[in-house]
Amino acid sequence: MGKDGRFYLGKLFNLKKNEISNNRLTYDPPDLTTHAIITGMTGSGKTGLCVGLLEEAALQGIPAIIIDPKGDLTNLVLSFPDLAPEDFAPWIDTDKEHTLGIFQVR
């Protein structure tokens with residue numbers, strides 16, 4: 001969150017110079033008082049933008065209702081601060097070999 005109470009979303013990209021500028025990209029929270037939708041092509045940064053907006057809203061105590069059929073954003077509510085294997089156990093389907101990958105829950 002910026003010092004001015006605006007959401008900090010990153011820095012602007014200068015297309016002409018093909019580089020990141022020092023200019024901040026911010027968003028005014030009151031602009032989200034009704035509804036928002038983010039659309040774009042695959043790989044255009046929709047999820048990254050949503051994550052930034054939701055994190056900034058959470059920092060300011062602003063509630064959000066998230067409709068995310070793919071599940072990318074709803075996984076943000078999962079918290080594993082200690083990264084302990086047993087914390088992940090409820091979220092792993094042990095009946096499917098491929099979901100275990102390289103770590104085992106005992």
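How many helices and strands does the secondary structure of the chain come to? The tally is three helices and two strands, where helices (H or I, at least four residues) and strands (E, at least two) are DSSP runs, numbered from the N terminus. Reading along the sequence, you get β-β-α-α-α.

A word on ground rules: this is a predicted model, with local features needing pLDDT of at least 70, side-chain atom pairs counting only at pLDDT 80 or more, and totals for chains, interfaces and linings using all residues. Residues are numbered from 1 along each chain as its sequence is written, and side-chain values use heavy atoms, with hydrogens and water left out.

- Strand β1 (residues 7–14) runs antiparallel to strand β2 (residues 19–27), and the two pair over six bridges; pairing takes at least two bridges found by DSSP.
- Gly 10 has its bridge partner in β2, namely Leu 25.
- Asn 18 has a phi near 55°, which is positive even though the residue is not glycine.
- Asn 18 is also exposed, at a relative accessible area of 60% (exposed is over 50%, buried under 20%, partly exposed in between, with a 1.4 Å probe and protein chains only).

**Asn 23**
- Over in strand β2 we find Asn 23, which is partly exposed with a relative accessible area of 48%.
- Leaving aside residues up to four places away in sequence, Asn 23 touches Gly 10, Lys 11 and Leu 12; a contact means heavy atoms within 4.5 Å.
- Asn 23 and Gly 10 are 13 residues apart along the chain, and their C-alpha atoms are separated by 8.7 Å.

**The largest pocket**
- The largest pocket holds about 950 Å³ of space (the volume is the space filled by probe spheres set on grid points, which are joined across faces, edges and corners).
- It has 28 lining residues, and Ala 36, Ile 38, Cys 50, Ile 65 and Ile 66 are the closest to its centre.
- A pocket here is an open set of points on a 1 Å grid over the protein atoms alone, where a 1.4 Å probe fits, with protein on both sides within 12 Å along at least five of seven lines; lining residues have an atom within 4 Å of a point.

**Whole chain**
- Of the 106 residues, 15% count as buried.
- Take the contacts between residues at least 6 apart in sequence: 27% of them join residues at least 24 apart.
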